[in-house]
Protein chains: 2
Amino acid sequence: MTDTITDTDTEPITFERHPDSYRHWTLKVDADVARLSMAVAVDGGLLGDYELKLNSYDIGVDIELADAIRRIRFEHPDVKVVVIDSAIDGVFCAGANIRMLAAASHSHKVNFCKFTNETRLEIEEASAESGLRFLAAINGACSGGGYEVAMACDHLLLVDDRSSSVSLPEVPLLGVLPGTGGLTRLTDKRHVRRDRADVFATLSEGLQGAQAVEWNLVDEVAPPSSFDAAVLERAAALAATSDRSDDGSAVVLESLDRTVTIDTIDYRFVRADLDRTGRSVSLTVTADAADDWALTAARELDDLLCHLRFNEPQLGTIVLRTAGRADAAVAHTERLLAGADHLARETALLWKRVLSRLDLTARSLIAIVEPGSCCVGVLAEVLLAADRSYMLDGIFEDDDEPLPPATIQLTAASAGAMPMANGITRLESRFWGAPDDVAAAVAAIGDSIDAARANELGLVTSTPDDLDWDDEVRLAVEERASFSPDALTAMEANHRFAGPETMATKIFARLSGWQNWVFIRPNASGPDGALRKYGSGTRPTYDLNRT
Amino acid sequence: MTDTITDTDTEPITFERHPDSYRHWTLKVDADVARLSMAVAVDGGLLGDYELKLNSYDIGVDIELADAIRRIRFEHPDVKVVVIDSAIDGVFCAGANIRMLAAASHSHKVNFCKFTNETRLEIEEASAESGLRFLAAINGACSGGGYEVAMACDHLLLVDDRSSSVSLPEVPLLGVLPGTGGLTRLTDKRHVRRDRADVFATLSEGLQGAQAVEWNLVDEVAPPSSFDAAVLERAAALAATSDRSDDGSAVVLESLDRTVTIDTIDYRFVRADLDRTGRSVSLTVTADAADDWALTAARELDDLLCHLRFNEPQLGTIVLRTAGRADAAVAHTERLLAGADHLARETALLWKRVLSRLDLTARSLIAIVEPGSCCVGVLAEVLLAADRSYMLDGIFEDDDEPLPPATIQLTAASAGAMPMANGITRLESRFWGAPDDVAAAVAAIGDSIDAARANELGLVTSTPDDLDWDDEVRLAVEERASFSPDALTAMEANHRFAGPETMATKIFARLSGWQNWVFIRPNASGPDGALRKYGSGTRPTYDLNRT
C-alpha cells in the first residue's frame, strides 16, 4: 500500500480555531438561534492535494465544527438551538472526502474517524446535558458522513425537492462502513428496522421525501418554497424545549498559551516532555489557584491529547503526572461540581469529555503518584484513567529537602460527575463486579490517602518504595515500548471498558473495530480497492472470501 | 503475506465426531462426573504441517471438544459436573497452536476464533441453562487459549507446584490478543481489576499460587500431593449445586445422514444448493412429522453452517428457505417450549445456539417466504435472523397447480425462548426502540399471517407480487455479490445487534473486532510480524505507529 499522506510527513495538525478565520463554516448568532453553515473551501484541504468538493470534509473541517460547538457552549449561553445547514446550493454535505481517505495512512483514517465521532457525540451530549438543541436543516443532497452529522442532531428536516436525498453509500460505492456512528444510530437511535437499515445502507442513491420520513431516516420534510420558514418554525419549537439561559457567567475562549520545542510542549498548566528514543511522553497537569484554571487546564489537556494522537503516533506511552496545590484542585473541583452557574456546569462537562478523550486515546497510559503529585479532585480521574499506576510509598530519601509522601484525595468528581463512555464511573469500571470496593473508595472521599491505604483500597497498581521506584517505573515504560503497538491498542480498548456498553461505546468498539478492520483490508485500501478506484471509471477488484 | 493454509486448498473440514475416534480427548463418565482429558496428538493437526505440542490446539481439537460437550448434554443427563483436565504431565494446555495461526489464512483465523468462542460460550450456557457444572482441573502450565478454556468453567483449581501458572502471553509474545474471550472474561466475568488485567496480560510467564488466587485468576490452588483429592472434592461440591437429573429421555446422537455433491449438500431435513457462479447458496429447512425432527434438523443446520463458514468462503449470500408441514413445525416447537423432559429442554437450547450461530455467520442472509414455505415456529426464527426478507404476495399464477399463498405463523419461540447473543429476542432486536411493534407481533402469535399483514406488522422487508417476484429476488442476490465482502460482513455485524450488549456480544464484537484488525496487521501476520517470528530466535519488527 502506498500512503501519500502520513501523520508525520506534513505539518503538524493544530486544533485551535477561531470563527473569524474559519475556512469552511460560518457561525451566526441571532437571539437564541445559532446558524452554523457549511461551505467547505474546495482548496482548503489540510493534508494534501485533494479538492473538498460538494461540502466533503477532512479533519480540518471537523476541527472547525468542534470549535464552533465548544464556543457556542461557552460563549453563547443565550443560544438554545443550533441550525446546521449548507451554504452551497443543492448540497448539504457529501461526507468525508474520498480522495483524502484513499490517500491517508491507516493511522490517520482511524484517528480521523475517532475525532469526528467525538464531535458527533458532543452534539448529542450538548443536547442531553446543556439543553442545546440541534436542527439539521438538510437543504440539499446529504450523503455518508453528511447524513451522520445530521443524525447526531435532535431533528432532521429534509427539503422535499424530488432530488435531495439522505444516503449512506459507503458500502455499495466505497467498500467501507458509514463509520462515524451511522450504522449504530440507524438502529439504536432512530430505531430504523434492521432490514430497512440493510436496504438503506446498500442503496447508493439513498431515500427522499415521504419514504425517508416513513422509515424515520428524517423527522420531517418541507417543500423548497416553505423550507426556510419550516426551519425557523422548527428552530423555535426546539428552542422552546430548552432550559438554557444566560446567567452572565459566559466566557470568551481565549487563545491557548502554548510553546513548542522539539521535545517539549508547554502550556500554562499542562506540559509534555517527549522522549523520542524511549517512545514515551511525560504529561503533567499542574493544579493552580488561578480563577480560570479548571477551564484552561481542560482545554490544554484536550489540545495536547489531539496533538499527540495525530502528530506523534510513535510515542506509544503517556506517563501521566500531576503537580501543584491540592487545595486549589479541591476548590476548583468543588466549584465545578456545585455547578452554580453556566460556566461551572460547562467546564465540568468539558472535563468529562476531555477525560473521555483520554480513555479513548490509543496509547498506553501509566500514572505516576510521587511526592509533589497532586492526585486530587478532577486530577484523581487522570490517575483512574490509567492502564496502570505506580505510587511511591514514602519519600525520595536522597533528595536534599525531600517532599512529603504523596497522597491521593478523591472528591465527588470520582463518584458520578465524570462518567466514561460506557456510562459508569472510572471507579465502577475499575471495580466492575465488586460494588463493595466502589463503596469503600467512595467512603474515602475527602481523605488524604497514602500509599499503603491506596494499595488497600485498590486505587493504584503498585506502591514501590524509594529503593525499587526508579527501576520499576523505568521497566514498565521500557517494556511497553517493546510490545506490538497494535496488540497494546486492542488490549487496552478491551480492558478500559469493563461492564456495560452504551451507544457511544458501541460506536467506538463494535462499529469502529469493524471499520478499522475494513480500512486495513485490500478490498478498501489496496491499489485495486474501492477507495482507490472510486471515480476512476474502473471497478474495484475484490478478494471474494467472506470472513 | 504468504498464506500456506487457506480454506480451499485442503480437504473440507468436517464437524461430526464420535468419542470412539477422538484423537485429542478422552471422555470418561463415572456416575455424575464426566472427565474430559486433553492429550492432543502431536501429529494430529487437521490443516497442515504443524506439530500440536504441549496440548496446543487447532480447529480439529476444538471440534472434538464441542462434540464432547454436546454429547454430555444429550447422551448423559446423569452427569452433573464435567472435569476438564490434561493427560499430559506438567501441561494443562498451551492454547491455540502458533505455527497453525502463523500459516492460516485470515479467513481461517477469524473463523477458528469464532468457533472456539462459540464452544467456550456453550460451556457457560450449559452451566446456566442445563445445570451442568464445569471444573477446570489445571494440573500443569495453562497459557493463552488454555487459560481461556479454563475461564469458561465455573471453577478453576490450579495445582500449586511452584511452576504451573496461568498466563495470557499473546500480547508480549505473539503481538495478538487473547481473543477467545480472555480479555473480556478477566474483567467482566472474573472481575479482575483492570490494572491487574493489564499487568497479567503483559506478563508472559503468568502468575501462580497464592497470587493467582488473590487476583481471582483462579478460584483455588492445591498442592500436587492432594490435587487429585481436591479435584474430586470440588467436583462433588459442584455436582451438589446442579439440579440435573435423568428422566429417561436421553438420546444417543447418531451420525448425520449427509450426501454431498459438487453443488448440493443434502441431509434428511436440510438441503443446500450451491450457486458458485452467483456466489450464493440456497438453504432449505423442511419441517417434518418425524419424532426426531427437531433434534436432527437443528444438528443438520448447525453442521451445514459450520461447513459453509470454513469450506465455502466465497459463497457470500445464504438464501434462507423453509418447506414442509406447518402442523409439524407447530407441534415440534410446542413440544420444545413445553420442555416436559430433558430431551425437549436440550433440543430447545440447541435450537437457540444454532440460531445464534446463524446470527453470527458472516454471510448475507436473505429469507424467502413463498407458496410452499413453512415459516412457522422455530423456523420463523430463521426468517427473523435474515438481514432482509421477501414474501410473495399471492400465488405463482403460471404454476399448473399453484400452491396457496404463503403465511407466517409465529409461536412463543419468537417471544423469549430463543434469545440472540445480545440477550433479547429477534423481534426485540428487529423492533428495537419500538415496543409497540414487538407487542403487535407477539399478539399475532398463532395467527396465519399473510403477506399484507406481515408487511403491516413489519415482519418482512418486501412483499412483491408474482409479476415482480423473480426480478426483485434475483436482483437482491446479485447486488449482494457485487459488494465488498468485508464491508458486508462489517455492516451486518452492526445491524444484527441493535440495543444491548452482553458478555457474548462484547466477545464477538469488541474483542473479536479488534482481534480481526490485529490479525490482518503486518505486526502480527506479516513476514516480520510476531506470529511468524515466534520461536525463530529473531525478534519481530514492528511498525511503531500507534493507531
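**The interface between chain A and chain B**

Mentor: In this predicted model, 83 residues of chain A are in contact with 83 residues of chain B, contact meaning heavy atoms within 4.5 Å. The model being predicted, local features need pLDDT of at least 70 and side-chain atom pairs count only at pLDDT 80 or more, while totals for chains, interfaces and linings use all residues. Residues are numbered from 1 along each chain as its sequence is written, chains are lettered from A and ligands numbered from 1 in the order in which they are written, and side-chain values use heavy atoms, with hydrogens and water left out.

Between them the two chains bury about 8200 Å², 54% of it on carbon and sulfur atoms; buried area here is the accessible area (1.4 Å probe) that two parts lose on being put together, summed over both. On the side of chain A, the residues that lose the most area to chain B are Arg194(A), Arg510(A) and Arg546(A), which together account for 14% of what that side buries.

Charged pairs cross this interface as well, with 14 salt bridges counted between chain A and chain B, each a side-chain nitrogen of Lys or Arg within 4 Å of a carboxyl oxygen of Asp or Glu. In one of them Arg430(A) pairs with Asp195(B), with 2.7 Å between the closest N and O atoms.

Several helices of chain A each supply at least two residues of the side that touches chain B, among them α3 (106-130), α6 (182-189) and α19 (503-520); helices (H or I, at least four residues) and strands (E, at least two) are DSSP runs, numbered from the N terminus. The largest share of that side, twelve residues, comes from α19(A). By class, the side of chain A that touches chain B has 36 nonpolar, 25 polar and 22 charged residues, where Ala, Val, Leu, Ile, Met, Phe, Trp, Tyr, Cys and Pro count as nonpolar, Asp, Glu, Lys and Arg as charged, and the others, Gly among them, as polar.

Within chain A, a salt bridge joins the side chains of Glu124(A) and Lys189(A) at 2.6 Å, N to O. This pair links distant parts of the chain, Glu124(A) lying in helix α3 and Lys189(A) in helix α6, 65 residues apart.

Turning to the sheets of chain B, seven strands form an open, mixed sheet in the order β12-β13-β14-β15-β16-β17-β19, two strands being paired if DSSP finds at least two bridges between them. Strands β12 (259-260) and β19 (388-391) of chain B stand at its edges with a single partner strand each, so one side of each is left without a neighbour in the sheet. Within this sheet, β15 (residues 280-287) and β16 (residues 317-324) of chain B pair in the parallel sense over eight bridges, and Ser280(B) has Thr317(B) in β16(B) as its bridge partner.
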